[in-house]
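Open the model in your viewer and follow the stops below. Each one says what to select and what is there.

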Amino acid sequence: MKPVNFDYARPGDVAAAIKLIADDSLMVKIMAGSQSLGPMLNMRLVQPDLLVDITGIEELRRFEDRGEEIVLGACITHADIEDRRVPDVTRGALPAVAKGIAYRAVRNRGTIGGSLTHADPSADWHSIMAAVGAKVVLRGPGGERVIPVEDYMLGALEADLQPGEMLVAVRVPKLSGAARWGYYKTCRKTGEFAHAIGAFLADPERGVSRVVIGATETRPIVVAEAGNIIGDGRAERMDAAFDSKAVDEVIKASGMTDPIDRQTHITALRRALEQAQSA
Ligand SMILES: Cc1cc2nc3c(=O)[nH]c(=O)nc-3n(C[C@H](O)[C@H](O)[C@H](O)COP(=O)(O)OP(=O)(O)OC[C@H]3O[C@@H](n4cnc5c(N)ncnc54)[C@H](O)[C@@H]3O)c2cc1C
């Protein structure tokens, strides 16, 4: 199949892009790396009147160090993070996860904003960004909103975007020198989307102990106070404090009924903890 005919615009700044996408007389789609949008256009799952290509907007390709956090523009690619063209403030977490996304051709073009907005439950950025406590910055005709990454995905393929809004940046907090993280995804082949994701951050200096169970059927499960599951991060072996029964309860409460599915997710988290302690 081929896409329907559409107009194409490549605005030079965010204000011009918002003006275009806020036109409710047209079916307008934002295009970033086009790694997910391209197939959707070809299959006519989306049939826009106008495509707004945001990859030429300089603001969206920049990063800014703000002391306590780094602000990453929405069009920063997976490869920019993998290659550390943007500074890493996560003790290697984001570059390591970037490297495991798809294969290089996809990473060269795919963007963090596109991935988070596409809201595929199996995608990697949702889980690791939620684990490190990142927030998304959304801008639209009514101004700016800043919300935690885990609240941005409303469900499978559904992001919390108001009419005329776009994602402009992701704010990533700087982890302390004592922070420990782990990320493990189960997939059959390298470069595939995950069947299960386990991620955690334990940052005792900042009092953070977070667990994320990703690649569910909907948005990731985030346990913001996960001390009872993984400890506070001070123990030498991160997996020593692991309470798989407590994790199972959390996953069950989220509605995952298949015991094999639950076990796959528990195992992913256990492996994330084991890898952290051997890192
Ligand atoms: C073969 C293949 C394998 C893949 N494997 C993985 C994997 O293992 N893990 C993984 O995480 N991902 C994987 N992906 C997805 C990839 O990471 C894409 O980057 C991601 O799906 C979309 O990012 P994009 O920049 O290409 O967005 P696009 O495809 O351009 O856009 C995706 C959607 O987001 C919207 N959008 C884009 N940017 C913005 C913005 N700033 N504000 C508002 N809306 C916006 C678009 O309108 C569209 O609806 C894979 C993709 C392919 C093709």
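Start with strand S12 (residues 196-203) and S13: seven bridges join these two strands, which run antiparallel. Keep in mind that this is a predicted model.

Next, select glycine 198. Opposite glycine 198 stands isoleucine 213 in S13.

Move to the turn. S12 and S13 make a hairpin with four residues between them. Pick glycine 207 there: its phi is positive, about 65°.

Now colour strand S13 (residues 208-214) by burial. Seven of its seven residues are buried, so the strand is largely enclosed by the rest of the structure. In a regular strand, side chains alternate between the two faces of the sheet. Check both faces of S13. On one side, Val208, Arg210, Val212 and Gly214 are buried.

Step on to strand S14 (residues 221-223). S13 and S14 pair in the antiparallel sense over three bridges. Select valine 212; its bridge partner in S14 is valine 222.

Last stop: the ligand. Which residues are closest to the ligand? Select Gly33, Gln35, Gly110, Gly113 and Gly114; they are the closest of the 29 residues that surround it. Elements giving two or more residues to this shell include strand S2 (28-31), helix H5 (104-109) and strand S10 (166-173). H6 gives the most, with five residues. By type, the shell divides into 14 nonpolar, eleven polar and four charged residues. Domain 1 (7-53) and domain 2 (58-173) each supply at least three residues to the shell.

Methods: Residues numbered from 1 in each chain as written. Predicted model: local features only at pLDDT ≥ 70, side-chain atom pairs only at ≥ 80, totals over all residues. Near = placed C-beta within 6 Å. Nonpolar A, V, L, I, M, F, W, Y, C, P; charged D, E, K, R; others polar. Domains from an automatic or database assignment. Buried ≥ 20, exposed ≤ 12 C-beta atoms within 10 Å, placed from the backbone. Pairing = 2+ DSSP bridges.
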